[in-house]
Amino acid sequence: MASSLQPLVVVCGATGVGKSKLGVELALRLVNQGHNRWRGARIINADSMQVYTGLNVVTNKIPPAERMGIDHLLMNFKRPEEEYPVGQWVHDAMQAIKETHNRNEIPIVVGGTSYWIQHLLFPSGLASDDPPSLSGDQHSDRFRSPTQERFISKLPPDLLKLFDHLPEHVPSAINDPDGASLRDELLRALDEPVAARWHLRDTPKVLRALQIIKEQGRTPSEIINEKHTNHRYRTLCFCLHAEQSVLDRRLDERVDDMIKNGLVQEIRELYEHARTSFDLEPGCDEHENHFTVGLFQSIGYKEFYKFISDPDVSEGGFADAVEQTKHSTREYAKRQVAGLWNKLLPAIHRVAAECRGKSPVAALYLLDATVLGESWISNVYQPARTIMNAFLNEEELPDPTTLSPLAQTMLTSVTKALSPSVVLEARRKVVCPLCTKDPSQPVMVECAEWEAHQRTRLHRRLVTKAKGQRSGVPRKHGVSE
């Protein structure tokens, strides 16, 4: 029996595995070969940094010539300083998907921002179908659960006033750091596990969490702990994976290529834009507030910032920036893999298992992108093309574990239940007491990156300066030492 859901193809994976390449290849297959219903395809970007104009080399946007005439939507259209929360992207992506289906074309979502994709595929209270509203006065107290009422009743007057009058528009944490700190304090009072995941200057996420509490009378933590099995589309998901040591070398080489292709000049141009937008002073501290805003979060910008902005930077500054960029890129790829295997892929696998024996509404395939060249065709493109054709025809699909030894090994681990505790602990941040000059503006580091942070030049210099007076051991966000 045919499914009533419209089809959607997803290509995900860590940076550097070839997602953009496969997306274009599958789209061209539909354009050139056609289908009894679908006459082509369009690609919808799901990379949170590629939505911005600028840093085309740094963010690794697929060059226009390599797009082969395939439309790429939700790419290169936001100003660098703009915020673009997940709820807005979900709304925009759903509109683009609907328009693509209306054109009798297949939407192919391509990107490595897995939590965006998860919220697109599975409706939840964390991201709605409508554009996010930040109005603070339109919801009545009747939506509050007894538990929430108890929490709210214990708020001090300043936090209660803020909760009752949330900003209508996303404020700037740079222009109003005290407001950002107060919003963070409010979220920690109402939902500490979720507050610990976000930097206090990540205003869109902090404000969205507060908005969810006000709109639904439940905390984001409570919503995360629920199982969401509803799905918007009949989904075929290809997850590209490369063996980590091979991917690390590939990413290092890509950074070298980016430098040859103009990475430093791109960062200089973005720095000049930041100076105009944020009134930056030359040589300011590497922990600048704007590192958490829009495109300025991109890997490469922070790492080269001191080299670009400080006229007194040491002779080794360029080499240090290159090595830091390579390290940050490798670590980012590892976080992407963890996010996929701890959250998105188990969610897709669970839906696929629930509909086994029925008309499939979700299918997950792991493609081995460890070796490129001719192996790409046999390991990635050919199986993806064959599976996509069967999926669109609603034919029986092959067992995902039979595609490769890698798929057989790794897909057995994705059968584990999606643990809410894993979701809540992902990207939990800690405060570095040594690097924090102002307690209201703490330097926050992800737990997984704490050891790397301790090795940074600034931290080591402060450790030496402290002469043993402080230990350098992090404290949990919001918890005194």
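In this predicted model, six strands form an open sheet. Their order is β3-β2-β4-β1-β5-β6, and the pairing is parallel. The edge strands are β3, at residues 72-73, and β6, at residues 362-368. Each of these two pairs on one side only.

Helix α13, formed by residues 317-354, lies across β1 (7-13), β5 and β6. Its direction makes an angle of about 140 degrees with β6.

A helix pair was examined next. Two packed helices are described by the angle between their axes and by the distance between those axes. Helix α2 covers residues 86-102, and helix α3 covers residues 114-121. They pack at about 60 degrees, and their axes lie 9 Å apart. The angle therefore makes α2 oblique to α3. The crossing of α2 and α3 is right-handed.

Both helices supply named residues to the contact. From α2 come V86, W89, V90, A93, M94 and I97. From α3 come Y115, W116, I117, H119 and L120. Of the residues in this contact of α2 with α3, ten are nonpolar and one is polar. No charged residue takes part.

Note on methods:
Residues numbered from 1 in each chain as written. Predicted model: local features only at pLDDT ≥ 70, side-chain atom pairs only at ≥ 80, totals over all residues. Heavy atoms only, no water. Axes fitted to C-alpha atoms, helices over the stretch in contact; angles between N-to-C directions. Helix = DSSP H or I, 4+ residues; strand = E, 2+ residues; numbered from the N terminus. Parallel < 35°, antiparallel > 145°, perpendicular 65-115°, else oblique. Left-handed = near helix turned anticlockwise from the far one by under 90°. Contact = heavy atoms within 4.5 Å. Nonpolar A, V, L, I, M, F, W, Y, C, P; charged D, E, K, R; others polar. Pairing = 2+ DSSP bridges.
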